Amino acid sequence: MNFKNMPNHLAIIMDGNGRWAKKRGLDRIHGHIEGIKSLKTIIKAVMEYKIKYLTVYAFSSENWQRPESEVDSLMTLLDEYIRIELSYLIENKIRLGFIGNIVKIPEKSKKALLDAADRTKDFDSLFLTLALSYGSKEEILNAVSKTAEDLKQGKIASADINDNLFSSYLYTSGMPDPDMLIRTSGERRISNFMLYQIAYTEIYFTKTLWPDFRKKDLIRALQDYEKRIRRFGKTDI
Ligand code: IPE
Ligand code: IPE
Ligand code: MG
């Protein structure tokens, strides 16, 4: 498959796991387990298409409000996913990173995450970022407060505050903004994901539930992206 333009940074809101399970009369966790299979397939396809950055929304700051049993199962799945996939990440020279308020993540899963991030830190064939305990409003407020602190200490001057400097205080510091954002499951909202970073991102909504989202669905999304004309406020001629 050849595409005329490809996103350099693809972000995905992986939504619809619970509905996938419900449709089959299964417990929601089975939707999350199946969703991991989609993630693995999409990582492979993204590598094949040489997309450099893949950022996936796995758990939001609001998702902590779900029933304790679902939160516990998701944290256990996270831990298992990282342990099982670490050798694949290393073999394929994938750098694993994360964005979000991970202090809230239970110790065991956090340790697995930090360990995997450390062991893959020198790789650059794909920058895979998990958004975990992530909330964009929280990220922006946190960046504002760090900026204010640095101003107070005289490390920066108010005239220095621009997009570049402010971006360096966000969790996504050093990463380019997403070129394309896919949200599965039919919901047409952003749900507190990368609000600052998606100012000029091409957004693609699909009704496909995340556990059903496989390579053919990614191809369809990329074919749609190929046709978009990105103007960034300018004229295209
Ligand atoms: C997305 O699927 C995964 C997480 C938010 C952790 P959901 O669990 O939100 O599934 P639906 O939206 O209820 O179907
Ligand atoms: C967004 O999905 C978060 C993730 C996919 C991790 P939600 O299912 O939490 O979003 P809402 O509640 O439908 O907006
Ligand atoms: Mg959902």
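Predicted model: local features only at pLDDT ≥ 70, side-chain atom pairs only at ≥ 80, totals over all residues.
**Ligand 1**

Ligand 1 has 13 residues around it, and those that come nearest are D15, G18, R19, R28 and R66. A backbone N or O atom of G18 lies 2.9 Å from an oxygen atom of ligand 1, and a backbone N or O atom of R19 lies 2.7 Å from an oxygen atom of the ligand. R66 contributes through its side chain, where a polar atom is placed 2.7 Å from an oxygen atom of ligand 1. On its own, ligand 1 exposes 380 Å², of which the protein buries 87%.

The space that ligand 1 takes is the largest pocket. Three helical elements, α1 (17-23), α2 (28-48) and α3 (68-91), each give two or more residues to the shell around the ligand. The largest share, three residues, comes from α1. By class, the shell around ligand 1 consists of three nonpolar, five polar and five charged residues.

**Ligand 2**

The residues around ligand 2 are I13, M14, D15, Y57, A58, F59, N63, R66, R183, R189 and S191. Strand β2, which spans residues 53-60, gives the most to this shell, with three residues. The shell divides into five nonpolar, two polar and four charged residues.

Side chains supply the contacts described here for ligand 2. A polar side-chain atom of N63 lies 2.9 Å from an oxygen atom of the ligand, and for a polar side-chain atom of R66 the corresponding distance is 3.3 Å. In S191, a side-chain N or O atom is 2.6 Å from an oxygen atom of ligand 2.

| Residue | Protein atom | Ligand | Distance |
|---|---|---|---|
| G18 | backbone N or O | ligand 1 | 2.9 Å |
| R19 | backbone N or O | ligand 1 | 2.7 Å |
| R66 | polar side-chain atom | ligand 1 | 2.7 Å |
| N63 | polar side-chain atom | ligand 2 | 2.9 Å |
| R66 | polar side-chain atom | ligand 2 | 3.3 Å |
| S191 | side-chain N or O | ligand 2 | 2.6 Å |

**Residues named for both ligands**

D15 and R66 are among the residues that come nearest to ligand 1, and D15 and R66 also belong to the residues around ligand 2. For R66, a polar side-chain atom lies 2.7 Å from an oxygen atom of ligand 1, and a polar side-chain atom lies 3.3 Å from an oxygen atom of ligand 2.

Technical notes: Residues numbered from 1 in each chain as written. Chains lettered and ligands numbered in written order. Heavy atoms only, no water. Near = heavy atom within 4 Å. Polar contact = N/O pair within 3.5 Å; in protein donor to acceptor, adjacent residues only side chain to side chain. Areas by Shrake-Rupley, 256 points an atom, 1.4 Å probe, with all protein chains shown as cover. 1 Å grid on protein atoms, 1.4 Å probe; cavity = no way out; pocket = protein on both sides within 12 Å on 5 of 7 lines; lining within 4 Å. Sits in = over half its atoms within 2 Å of the grid points. Helix = DSSP H or I, 4+ residues; strand = E, 2+ residues; numbered from the N terminus. Nonpolar A, V, L, I, M, F, W, Y, C, P; charged D, E, K, R; others polar.
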